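Grab your viewer and work through them one step at a time.

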Amino acid sequence: ADGDGYLKESEMRPFANLSGFEGSDADFSEEFADIISEKGLGPRGLTEACFADMVNDDSDSGCYVTDEELRSILTEVSSKAKAAPARGAPKAAPPAPKAVAG
């Protein structure tokens, strides 16, 4: 997450995948839009409180996970985030051309 206090669709997708979501990107976009609409939220995404409600809701409209499962998901998402290059980070410069003796 980018630290803005909201979980956007792209930030929720890793959680969804690790908690059992098996649909396509289009399926997830539709599901996320439905969640945002049902919760009365705007385009900023899910709040921490809404996320907590969702993962503690064992009804058909929730996405219940145990605390242990949530810790495991957090560990996996965190390790993947550390391994991935930061967005917007400058790419390594290409090697300098070798000087040609002449």
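**Exercise 1.** Keep in mind that this is a predicted model. Classify R13 as buried or exposed, then find its salt-bridge partner.

*Solution.* Start with the cover: R13 has a relative accessible area of 16%. Buried means under 20%, so R13 is buried. Now place the two: R13 sits in helix α1 (residues 9-18) and D25 in helix α2, so the pair ties together parts 12 residues apart in sequence. Finally, check D25, which is exposed at 57% relative accessibility.

**Exercise 2.** Work out which residues are joined with K8 into one salt-bridge network.

*Solution.* First, D2 pairs with K8, with the closest N and O atoms 2.9 Å apart. Then D4 also bridges to K8, at 2.5 Å. With K8 as a partner in the D2 bridge and in the D4 bridge, D2, D4 and K8 end up in one network. As for cover, D2 is partly exposed at 47%, D4 is partly exposed at 33% and K8 is partly exposed at 27%. The whole structure has 4 salt bridges.

**Exercise 3.** Find the negative surface patch that includes E30.

*Solution.* Go to helix α2 (residues 25-39), where E30 lies. E30 is exposed, with 54% relative accessible area. The patch consists of D27, E30, E31, D34 and E38.

**Exercise 4.** How many disulfides does the structure hold?

*Solution.* The count is 0. For cover, C50 is buried at 13%, while C63 is partly exposed at 24%.

Conventions:
Residues are numbered from 1 along each chain as its sequence is written. This is a predicted model: local features need pLDDT of at least 70, side-chain atom pairs count only at pLDDT 80 or more; totals for chains, interfaces and linings use all residues. Side-chain values use heavy atoms; hydrogens and water are left out. A disulfide is a pair of cysteine sulfur atoms within 2.5 Å. Buried means under 20% relative accessible area, exposed over 50%, partly exposed in between (1.4 Å probe, protein chains only). Patches are made of residues with over 30% relative accessible area and no salt bridge: like charges are joined within 9 Å, nonpolar side chains (Val, Leu, Ile, Met, Phe, Trp, Tyr) within 5 Å. Accessible areas come from the Shrake-Rupley method with a 1.4 Å probe; for residues, only the protein chains shown count as cover. A salt bridge is a side-chain nitrogen of Lys or Arg within 4 Å of a carboxyl oxygen of Asp or Glu. Lys and Arg count as positive and Asp and Glu as negative; His and the chain ends are not counted. The place of a charge is taken as NZ of Lys, CZ of Arg, CG of Asp or CD of Glu. Helices (H or I, at least four residues) and strands (E, at least two) are DSSP runs, numbered from the N terminus.
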